[in-house]
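Please read the following briefing alongside the sequence and the three-dimensional structure.

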Amino acid sequence: MKPVVKICCIASVDEARRAVAAGASALGLVSAMPSGPGVIADATIAEIAAAVPPPTRTFLLTCRTDAASIAAQHAAAGTTTLQLVDAVAVEELQALRRLCPGVEIVQVIHVTGEASIAEAVAVEPYVDAILLDSGNPALAVKELGGTGRRHDWAISRRIRDAIGPLPLFLAGGLNPANVRQAVETVQPYGLDLCSGVRCNGELDDRKLAAFFAALED
């Protein structure tokens with residue numbers, strides 16, 4: 001089955017509409033981060049989320065790690081889905097589920113090596129999906145996404161196999177030239193990209209069209 005596509009780093013209502021028109025079924029809205037592109041104000045996130053009708057999903061990207069703070073941010077944003085870009089303790093995931101009933105929880109795993117497999121398996125029972133990205137949370141200033149780098153897809157595929165039917169999104173350096181290989185190698189439920197469809201930070205309609213065309217080939 002063809003993967004769903006999430007366009008991340010959406011910066012305005014106009015970008016949201018153009019991404020959906022091109023074929024995106026989910027949008028990523030980036031709140032305050034220690035580093036990386038695409039950060040917008042919480043008020044802008046709420047504005048975009050309110051302007052996007054179902055069935056398009058809106059993902060709030062948050063680096064917060066305590067359930068109460070994440071739930072409060074989500075309530076203000078009005079998004080459909082929480083994307084947790086830093087590691088969140090199991091107890092906090094359980095509390096978040098209680099605080100945000102019916103809200104999708106997507107945990108990001110930054111694929112840095114073999115240890116990422118066990119990390120994904122450990123959180124699998126507590127989330128609605130896992131998203132594999134190419135950040136580096138171990139740096140002094142954490143990288144939590146938006147790097148534009150490709151990670152080891154062989155490890156991504158092992159994670160895919162280890163978490164069973166749980167939906168898996170693949171992010172990190174995807175573009176029209178490599179997306180077919182990514183899909184064939186990892187077989188993800190969804191694809192997530194930011195820089196691969198942008199030019200000088202702006203959403204590029206030609207790159208968007210090329211990406212979706214590559215998926216059809």
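In which strand is the place of glutamine 107? Glutamine 107 has its place in strand β5, which spans residues 104-110, where strands (E, at least two residues) and helices (H or I, at least four) are DSSP runs numbered from the N terminus. This is a predicted model, in which local features need pLDDT of at least 70 and side-chain atom pairs count only at pLDDT 80 or more, while totals for chains, interfaces and linings use all residues. Residues are numbered from 1 along each chain as its sequence is written, and side-chain values use heavy atoms, with hydrogens and water left out.

**Glutamine 107**

- Because its relative accessibility is 1%, glutamine 107 counts as buried (buried means under 20% relative accessible area, exposed over 50% and partly exposed in between, with a 1.4 Å probe and protein chains only).
- Leaving aside neighbours within four places in sequence, glutamine 107 is in contact (heavy atoms within 4.5 Å) with Leu84, Asp86, Ala87, Val88, Leu93, Val123, Val127, Ala129, Ile130 and Leu131.

- Not counting residues up to four places away in sequence, phenylalanine 211 touches Val5, Leu174, Asn175, Pro176, Val179, Leu191, Leu193 and Val197.

**Helix packing**

- The axes of helix α1 (residues 13-22) and helix α2 (residues 42-51) come within 9 Å and cross at roughly 40°, the axes being lines fitted to C-alpha atoms over the stretch in contact, with angles from 0 to 180 degrees between N-to-C directions.
- α1 and α2 are therefore oblique to each other (under 35 degrees counts as roughly parallel, over 145 as roughly antiparallel, 65 to 115 as roughly perpendicular and the rest as oblique).
- The contact of these two helices is made by Val13, Ala16 and Arg17 of α1 and by Glu47, Ile48 and Ala51 of α2.
- α2 also packs with helix α3 (residues 67-77) at an angle of about 55°, with their axes 8 Å apart, and that makes α2 oblique to α3.
- Asp42, Ile45, Ala46 and Ala49 of α2 make this contact with Gln73, Ala76 and Ala77 of α3.
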